[in-house]
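Reader: I'm new to this one. Could you show me the structure and then talk me through some of its charged pairs?

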Amino acid sequence: MGMNVSRQVDLTENEYLQRFVGKTHVPAYDDDFWNNFLQYHINLPTNSEEQLSLDSRLETLCQSFISHNLHTGNFGSLINVFLLKVSELLTLSDTESNVHIWHAFNALFIIRCLVKYMIETGSEYQLLQHFEALPVQAADSVETPSDGTAAGTSTAIPIDMRAVEETKAAVAKLVDGSKFETFLEALVNIIVVIPVKEFTYHLHLEAVNCMIILLSVSLFSQQTMEKSTIYRTIYRCQHANTLMSALLHFLSRMSQAPQTMFGFGTGGSFVFGIAESLWSILTFARKQPDILTAHDLPTAFREHYPLANQSLLLILILTNHHATKDNPYRISLFGCSDSQDSPKEDPATFKIDFSSLYNTLCRIVTIDQATLLLYLLLYRNQRFQKYVMAQQNLQQLVIPILQTLYNAPDSTSHHIYMSLIVLLILSEDDNFNKSVHQIMLKNITWYTERSISEISLGGLLILVVIRTIQYNMLKMRDKYLHTNCLAALANMSGQFQSLHPYVAQRLVSLFETLAKKHARLDQQLKQPNDPNGEPDISIPIGCGLTSEDMLQDLSVLEEVLRMVLEILNSCLSHQLVYCPNLVYTLLYKRNVFEAFRSHSAFQDIIQNIDMVVGFFSSRLQRVQEQRGELGVSEVLEVISKGASQWSSDRLRKFPDLKFKYVEEDAPEEFFIPYVWTLVCKAGCVHFSSETIKGVSAEIVC
């Protein structure tokens, strides 16, 4: 599997591991054992192959642990050692804490491996049993050292098997989550209290990973999360604001993972001069991090910025569960404000530098999970939405979103959908719709349909959304995706300005393409028994196999056609003087509207288009009679002069096109499976897909 084992050690033969998972109790005060046990090196597995290799090497040990821990209570001892290490870290200086951080990380990594195994193979109740399990001891055995035994020496306490049944009953009473709650508080303290530095980076990462593992209980259980002790404990956390603040800071700062862990290889960062580990799990060969590159951004982000990546995923998990209930993390994220705001602003849950967060999102918005966070902030956090709308460099955010849509075959349907919703939310703001036509772009190399030397951001947005509509008609066939595409264009249409000739052509061609589909489908319905007639499979939805299906598809198609006409009419009603290229295209393509002039669903709005076309046609005819045949530039000149004399009062008034995105009821049904799919596919922690049975059986790790 391309892995390099740093020391060829069979883990099942390691004396410390064997004793930890064996039949004898190891007290938490046995410093000699724990200092030796926690003194090892490991590079974290970062992909499914590495995780599978590690899981397979640990499986026998995990099985032994499960068999014995309810009697030995060694997991509880490890938890206590970890809690002690964390409490010490909170009081130590940097120069004193290196070894403590190393040991705390190693303890937490072992805890994480065991918790992951128990969640994937057992129940939540069994997991909590192992958290709370106490050692079964002989009547004359005690947990504390005897008078003749100094604290810190290794003392194995034998198991009294006669007391097993009594202990089982005692353990059942103890499974109240108290030990787990203390452990969770320690994880939160690592994340929010200990500053992120080069030698603490992986401890923070492991704390975030461990929280994700704990929350993954929803993947492997069919019980509702309201009944989950783990979820209840996490969601009644008193530090939701500080935790969410820390996670969002981890993301916005995007600190790169250090090349070494805890100072190893940096010339003696460890003040205690540790020469080498006493035992080694395994290490994986991987390249040194490169700069964040666009050609494989998700992989680069996950491998080079794992703390930012995992923090982002944890934010999404915390905020999307219990979305319709009292969720302190959701309230915290949606209530945060810019640290640069005036103190007189309304109270905020916490403050963060919106500039740093915005710039980070601009860099990674083509990543699925970043698009989802952007959606949540724009839709739910009014302060952040206001900040984004005021930015002068909107192209840094919008262009990557357009690239995602342009490269639709490379993205999931969920990612395409969320990208469109982000554009729809942005288009609800009139200032956005105006400013995108004032931002000029040059040499957009990724847009390959046609070479365009210069175009406005608004023009590029129109082109990509139209292309998405056409892609959807052929591939995805999603009515709601059509609706969101057209709603964004409709919101912008009253502010269309200086449309590039190609943009104007694509707008009218969209109607022409839809009109041809409408004609073919209408013909099939009128002649259902025509042996030469074949169903039109490229209409938005349905297969066209029955008359009922075709009638439904025809209805959807007419809704789309009507909306395209309304977009054209809105532009002509509000911005005709600034869109001569659109008028030129309408004159050139006037025949595409012929079949709809008498159609009851379209004739009212086509009258407006006909009036515009008729006005400019008559002016062109008069000029042609005087000058002869006109070139393109001369026709545009006539249109520009005519536009200055045109009055929109001649047109029939229609309501302004204003569409607002509203999240559907029960958002958890969509977002929770979506989030966990992202965690499985884009995260640094990898799960066993064989036993997933919770929020979505369709999730593939």
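**Salt bridges, step by step**

Author: Let's start with Arg-562 and Asp-604, whose side chains form a salt bridge with N and O 2.7 Å apart. The two belong to distant parts of the chain, Arg-562 to helix H24 and Asp-604 to helix H26 (residues 603-627), 42 residues apart. Keep in mind that this is a predicted model.

Reader: Why is Arg-562 called buried?

Author: Buried means under 20% relative accessible area. Arg-562 comes in at 18%, so it counts as buried. Asp-604 is buried as well.

Reader: What makes Glu-566 and Arg-562 a salt bridge?

Author: The rule asks for a side-chain nitrogen of Lys or Arg within 4 Å of a carboxyl oxygen of Asp or Glu. For Glu-566 and Arg-562 the N to O value is 3.2 Å, so the pair qualifies. Both sit in helix H24 (residues 547-575), four residues apart, which is about one turn of the helix.

Reader: How do you know that Arg-380 and Glu-663 form a salt bridge?

Author: Their closest N and O atoms are 2.9 Å apart, and the limit is 4 Å, so they pass. Arg-380 lies in helix H16 (368-380) and Glu-663 in the loop between helix H27 and helix H28, so the pair ties together parts 283 residues apart in sequence.

Reader: How many salt bridges does the rule give?

Author: The count comes to 17. There is also a network of salt bridges linking Asp-55, Lys-116 and Glu-120.

Key:
Residues numbered from 1 in each chain as written. Predicted model: local features only at pLDDT ≥ 70, side-chain atom pairs only at ≥ 80, totals over all residues. Heavy atoms only, no water. Buried < 20%, exposed > 50% of the residue type's maximum accessible area, 1.4 Å probe, protein only.
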